[in-house]
Amino acid sequence: MSSLSPQRSRLVTALRTPRRWWVLPASVLIGATLGGGYGAVKTPQYAATSYVIVVPGEKSDPAAALGFAQAYGRVAGDIAVTGDAQVWAGVSAATLRESVQTATSPDAPMISITARSATPGKAVSMADGVARALILNSTHVSGSTGVKVVQFSRATKPVQPVSPSAPLSALVGGCAGGLLGGLALLVRPQRAARPEARHSRQTTAAVPGPAGAQHQPEPEAV
């Protein structure tokens, strides 16, 4: 039979020690309670995604569309704020920057625009508003860039939130609490063993050795 690792041995010893075994289930219970309460109190978040695609003009290089898609994906937030996206979405510029994220593909000139909000309709309006701002901006500068941004797919109204539910939050909190409780059990025996080892060394040093082992004076030479 293989021997237990030092960490497992300390944990088993701590669980067998009186008045210490309750730390692990108590930590799991506290973590689950806190996680479930957080999931129940926090406002659910909904996500909506709109897709746009960059198309080359008649006299432009088709490969340039991929490069401009990467560029538009990086500056989509600035274009949306300076344009009318916040007016169409009915939110402030700060909310638009915090709630909207864009992603691009390395293989296709497509940009996904994902917006999160406490209401499904607001998430849709923000995602489509940013997409519309990109389309209008690309139209204004198409003479110099040679590409345009067109709508590929409008955002659909989400039916379920993307934020963790209360049961899932309770499960995550319970796992985290159990982990912290196990770590506490591993640390406490080490701290308790240090004073015991120090006391043992002091006791050993205080006990005198055998009488025969004491130093005897040497007899004087005649």
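Me: Leaving aside its neighbours within four places in sequence, which residues is Val52 in contact with?

Reply: Val52 is in contact with Pro109, Met110, Ile111, Ile113, Ala131, Leu134, Val149, Val150, Gln151 and Phe152, where contact means heavy atoms within 4.5 Å. Residues are numbered from 1 along each chain as its sequence is written, and side-chain values use heavy atoms, with hydrogens and water left out. This is a predicted model, in which local features need pLDDT of at least 70 and side-chain atom pairs count only at pLDDT 80 or more, while totals for chains, interfaces and linings use all residues.

Me: Where is Val52 found, and is Val52 buried or exposed?

Reply: Val52 is found in strand E1, and Val52 counts as buried because its relative accessibility is 0%. Buried means under 20% relative accessible area, exposed means over 50%, and partly exposed lies in between, with a 1.4 Å probe and protein chains only. The C-alpha atoms of Val52 and Val149 are separated by 6.5 Å, although these residues are 97 residues apart along the chain.

Me: Let me step back: how many helices and strands are there in the protein chain?

Reply: The protein chain has 8 helices and 4 strands. Helices (H or I, at least four residues) and strands (E, at least two) are DSSP runs, numbered from the N terminus. From that terminus on, the order of elements is α-α-β-α-α-α-β-β-α-α-β-α.

Me: Which strand do the 8 bridges join to E1?

Reply: The 8 bridges join E1 (residues 46-56) to strand E3 (residues 110-117), and these two run antiparallel; two strands pair if DSSP finds at least two bridges between them. One of the residue pairings is that of Tyr51, which has Ser112 in E3 as its bridge partner.

Me: And how many bridges are there between E2 and E3?

Reply: Strand E2 (residues 100-104) pairs with E3 over 5 bridges, in the antiparallel sense, and E2 and E3 form a hairpin with 5 residues between them. Ser112 of E3 turns up here too, as the bridge partner of Ala103, and Thr104 stands opposite Ile111 in E3.

Me: Switching to the inside: how many residues has the largest nonpolar core?

Reply: The largest nonpolar core has 29 residues, and those with the most contacts inside it are Val54, Leu96, Ile113 and Leu134. A nonpolar core is a set of buried Ala, Val, Leu, Ile, Met, Phe, Trp, Tyr and Cys residues joined through side-chain atoms within 4.5 Å. Two or more residues of this core come from each of E1, helix H3 (64-82), helix H4 (85-89), E3, helix H6 (120-140) and strand E4 (147-153), and H6 gives the most, with 8 residues. As general background, nonpolar side chains tend to be buried together in soluble globular proteins.

Me: You named Leu96, so what does Leu96 touch?

Reply: Not counting residues up to four places away in sequence, Leu96 touches Ala80, Val81, Ala85, Gln86, Val91, Met126 and Val130. Leu96 lies in helix H5 (residues 93-99) and is buried, because its relative accessible area is 4%. Leu96 and Gln86 are 10 residues apart along the chain, and their C-alpha atoms are separated by 6.8 Å.

Me: What about Ala127: which helix is the place of Ala127?

Reply: Ala127 is in helix H6, and Ala127 counts as buried because its relative accessibility is 0%. Leaving out residues up to four places away in sequence, Ala127 touches Ala48, Ser50, Ile113, Ala115 and Ala155. Of these, Ala155 is 28 residues apart from Ala127 along the chain, with 6.6 Å between the C-alpha atoms.

Me: Where is Ser92, and how does Ser92 count by relative accessibility?

Reply: Ser92 is in the loop between H4 and H5 and counts as partly exposed because its relative accessibility is 39%. From C-alpha to C-alpha, Ser92 and Val81 are 8.7 Å apart in space, and they are 11 residues apart in sequence.

Me: One more topic: which residue lies over the face of Trp88?

Reply: Arg132 lies over the face of Trp88, at 4.0 Å from the ring centre; a charge sits over a ring if NZ of Lys or CZ of Arg is within 6 Å of the ring centre and within 35 degrees of the ring normal.

Me: And what share of the 222 residues is buried?

Reply: Buried residues make up 27% of the 222 residues in the protein chain. Among contacts between residues at least 6 apart in sequence, 77% join residues at least 24 apart.
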